[in-house]
Amino acid sequence: MNKSKKIIVLLVVIFILATVLSFFSSSLPDGLEFVAEKLGFAEKETQAIVNSPAPDYSFGFIKDGTISKIAASIAGITAVLLAGWGLEKLLRKK
Amino acid sequence: MHIPDGFLKNEVWIPAACVSITLVSIAIKKSNNTLSDKSIPRLGIISAFIFAAQMINFPVAGGTSGHLLGAALAVALMGPWLASVSLSLVLIIQCLIFQDGGLTALGANIFNMAFVGVFSAYFIQKLFSFSPKLLNTGIILSSFFSVVAASFACSIELYFSDLAPFNVVVPAMLIVHCLIGIGEALITLAVYKSICKIFPEINIFGYKQKAV
């Protein structure tokens, strides 16, 4: 396998992780939420001070929950990929 | 352990944000050196992997869950500075696009995970890098302690925000994150080994690839 094929394989794995496997994600509170609930400061959480386009990893404007979640995952991965790739290009140029 | 808006006091999040802005700019400058080889565009790909993996929470004992932090994995694949840049990038996008972690807490979250997590992983991997036989041990311990160290930093910030007494919040955070750290270690080892198999040419920081 050449390098570009390997990179494509890796990207496919990443997209599968985010779009398929993320549906099996546990909905139990995470470590910090768990501690916050147990110690009684969970209610200190305020509304986010800025509105983001896809709170809780789903787009509000897509009605179907599943599709919304998949779309948000793909958008997120693409955003990270492009930002990382762009930054790396910039850094290499220097 | 993404801290939301409202948890941290101004006296905590403002200094944390200033420290993180400074550290991120240092990391960007320093990571220039690690990018000298032309192997693969790793910053984008590894960051995207970490982002995807962070979407998958695994349950741990006692009614809580955790997900991969990715600090030790990033250090093993890219060195500490680039790893910090990578984790910061993931945290910024999670915060701005997905409201995962508050904007006021972003500096603290970057400090905890992208610096405390990354550099604790780095020092442990460095400690074990003298012998290739200790590769797995280094990966396992660095993954475990990166999560525990990041949660410790987080609990200190919670304490200084007057959310809970020190002797309550610190042990509570550490115990939960010790459990999550075990998951982190297992996932990191498996992923690291697989990536090394797929990309034998990747120049892994701290370890000589041939010795693996």
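Helices (H or I, at least four residues) and strands (E, at least two) are taken as DSSP runs and numbered from the N terminus. The structure is a predicted model, in which local features need pLDDT of at least 70 and side-chain atom pairs count only at pLDDT 80 or more, while totals for chains, interfaces and linings use all residues. Residues are numbered from 1 along each chain as its sequence is written, and chains are lettered from A and ligands numbered from 1 in the order in which they are written.

Chain A contains three helices and zero strands, in the order α-α-α from the N terminus on. The radius of gyration (taken over C-alpha atoms; the globule rule is 2.2 Å times the number of residues to the power 0.38) is 18 Å for chain A, whereas a compact globule of 94 residues would have a value near 12 Å. The C-alpha trace of chain A spans about 55 × 35 × 30 Å along its principal axes. A residue is called buried if 20 or more other C-beta atoms lie within 10 Å of its own, exposed if 12 or fewer, and partly exposed in between, with C-beta atoms placed from the backbone. By this criterion, 23% of the 94 residues in chain A are buried.

Chain B has seven helices and two strands, arranged as α-α-β-β-α-α-α-α-α from the N terminus on. Its radius of gyration is 17 Å, close to the 17 Å given by the globule rule for 212 residues, so chain B is as compact as a globular protein of that length. The C-alpha atoms of chain B fill a box of roughly 50 × 35 × 30 Å along the principal axes. Buried residues account for 60% of the 212 residues in chain B. Two residues are in contact if their C-beta atoms, placed from the backbone, lie within 7 Å. Of the contacts in chain B with a separation of 6 or more, 75% join residues 24 or more positions apart.

A nonpolar core is a set of buried Ala, Val, Leu, Ile, Met, Phe, Trp, Tyr and Cys residues joined through C-beta atoms within 7 Å. The largest such core has 93 residues, of which B:Ala52, B:Ala71, B:Ala74 and B:Val118 touch the most other members. Beyond its neighbours within four places in sequence, B:Ala71 is in contact with residues including B:Leu87, B:Met113, B:Val118 and B:Ser146.

The contact between the chains takes 53 residues from chain B and 47 residues from chain A. On the side of chain B that touches chain A, H2(B) gives the most, with nine residues. The residues of that side divide into 36 nonpolar, 16 polar and one charged (Ala, Val, Leu, Ile, Met, Phe, Trp, Tyr, Cys and Pro count as nonpolar, Asp, Glu, Lys and Arg as charged, and the others, Gly among them, as polar). In chain A, helix H2 (residues 31-39) has A:Gly31, A:Leu32, A:Phe34, A:Val35 and A:Ala36 buried. The buried residues of H2(A) pack against E2, H6 and H7 of chain B. Just after H2(A), A:Gly40 has a positive phi of about 80 degrees.

B:Gln99, in the loop between H4 and helix H5 (106-127) of chain B, has a positive phi near 55 degrees and is buried, with 22 other C-beta atoms within 10 Å. B:Asp162, in the loop between H6 and H7 of chain B, has a positive phi of about 60 degrees and is exposed, with 12 other C-beta atoms within 10 Å.
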